[in-house]
Amino acid sequence: MKTLIGPFAQILPMTGLSLKGALHDEQLTVIEKGGVVVENGEIIAIAGYKSLLQKYPDCEIAFQDTPLVLLPGFIDCHTHICYDGTRNRDYAMRIAGKSYLEIARAGGGIWDSVTKTRIADLVTLTENTVARANRHLKEGVTTIEVKSGYGLNLESELKMLRAIQQAGMHTPATLISTCLAAHMKPRDYTGSEEAYLQWILTELLPVIQQEQLSNRVDIFIEETAFSAKAAADFLQQAMQQGFVATVHADQFSAGGAEVAVNARALSADHLEASTEKEIALLANSDTVAVVLPGASLGLGMLYAPARRLLNAGACVAIASDWNPGSAPMGDLLVQAAVMSAAEKLSTAEVLAALTVRAAPALQLKDAGQLLAGYTADMQAYPTADYRDILYYQGKMKPALVWKKGVLV
Ligand code: NIG
Ligand code: FE
């Protein structure tokens, strides 16, 4: 049965936009008094409401009697929402001026979350992930990437990925998992970084493949994590094994984005420390430049150079990096809106970064735009003017969210 939803004061289908480079708001298609026809979770047609009424006279009608602006559901292409425990002590120390090293010495940092996640059981991790995914969904995020990386041994990495898989069956949101066993060399691993990465390749990834837990790998390239050289070898071998790649790159020091581009990774994420060299490399590649304002806000650091990336011609996506350490807030729209004011990103650039430009980072072919044949993942804001969405800096939340055509 077809359903005609509308009328909407405005529909922004996010179609017809270039995937790369700067965008002006005039380039946005805005359908005034629009409607959308949905069937079996898919968009059938999208156009003026009156014309759809005429064309589909037998449709069921889902009449909207208040002014709403309709957008595609957001895609959050970088999160770590599968974890247990808090890092509020880290945060309190950080805002009181303690350094990264002082916090690590006091038992904080990634390793603290590893310890807490290792002792959590599968059910707890699944429930935590479902709760966070459902909160995201209510806020208009209909597709969510979720990384492992707080297990860092066979048993616990598999536990995390199984929890993400289970969680995907208990939330309407689409979850896409990524193996981030290369988050850091675990403190209880006695070998070299190369040996640890080799262990991931030979012992962990085959099981992940066998159980179909993920087809994506990530690695944190940083002085405190893995070197560019070791990461390049790791990515090449993981890709030979059939995985696609993404990279935590240039967060504190530059170097990771170059590895990502050379490896033809789907995305290079963070980029706070990227220089003109990395910006040019990303702009001349198909690797999506994913900026993570939530991590800048959580760490009190500068934002990634999103403006310069766009001006150079890169495909820029914005993700939340929701994690217990550097980005505990997890509110994607607030983060994107706050960053846009600082970086001078247009509304078109921000909305594209949360939808159509985030889709290629996850190889999504039917999400991020409102287009016939695409999944009916949609959200509607309680306003008649789309500019209000960033104007209220993320405080205005969607009044309605549809996942596969069903209201959540
Ligand atoms: O993306 N950069 C490394 N990893 C995470 C933070 C993880 C943590 O602190 O728990 C990030 O910011
Ligand atoms: Fe991250």
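Me: A crossing is left-handed if the near helix is turned anticlockwise from the far one by less than a right angle, and right-handed if clockwise. What is the hand of the crossing of α6 and α7?

Reply: α6 passes α7 in a right-handed crossing. This is a predicted model, in which local features need pLDDT of at least 70, side-chain atom pairs count only at pLDDT 80 or more, and totals for chains, interfaces and linings use all residues. Residues are numbered from 1 along each chain as its sequence is written, and chains are lettered from A and ligands numbered from 1 in the order in which they are written.

Me: Why are α6 and α7 called roughly parallel?

Reply: The axes of α6 (residues 154-169) and α7 (residues 193-210) cross at roughly 30° and come within 11 Å. Angles under 35 degrees count as roughly parallel, over 145 as roughly antiparallel, 65 to 115 as roughly perpendicular and the rest as oblique. The two helices are therefore roughly parallel.

Me: Which residues of α6 and α7 meet?

Reply: L154, E157, L158 and L161 in α6 meet E203, L204, V207 and I208 in α7 (contact: C-beta atoms, placed from the backbone, within 7 Å).

Me: What makes K33 partly exposed rather than buried or exposed?

Reply: K33, in strand β2 (residues 31-39), has 13 other C-beta atoms within 10 Å. A residue is buried with 20 or more, exposed with 12 or fewer, and partly exposed in between. K33 is therefore partly exposed.

Me: And where is Q393?

Reply: Q393 lies in the loop between α15 (388-391) and β15 (400-403). With 15 other C-beta atoms within 10 Å, Q393 is partly exposed.

Technical notes. Axes are lines fitted to C-alpha atoms, for helices over the stretch in contact, and angles run from 0 to 180 degrees between N-to-C directions. Helices (H or I, at least four residues) and strands (E, at least two) are DSSP runs, numbered from the N terminus. Two residues are in contact if their C-beta atoms, placed from the backbone, lie within 7 Å.
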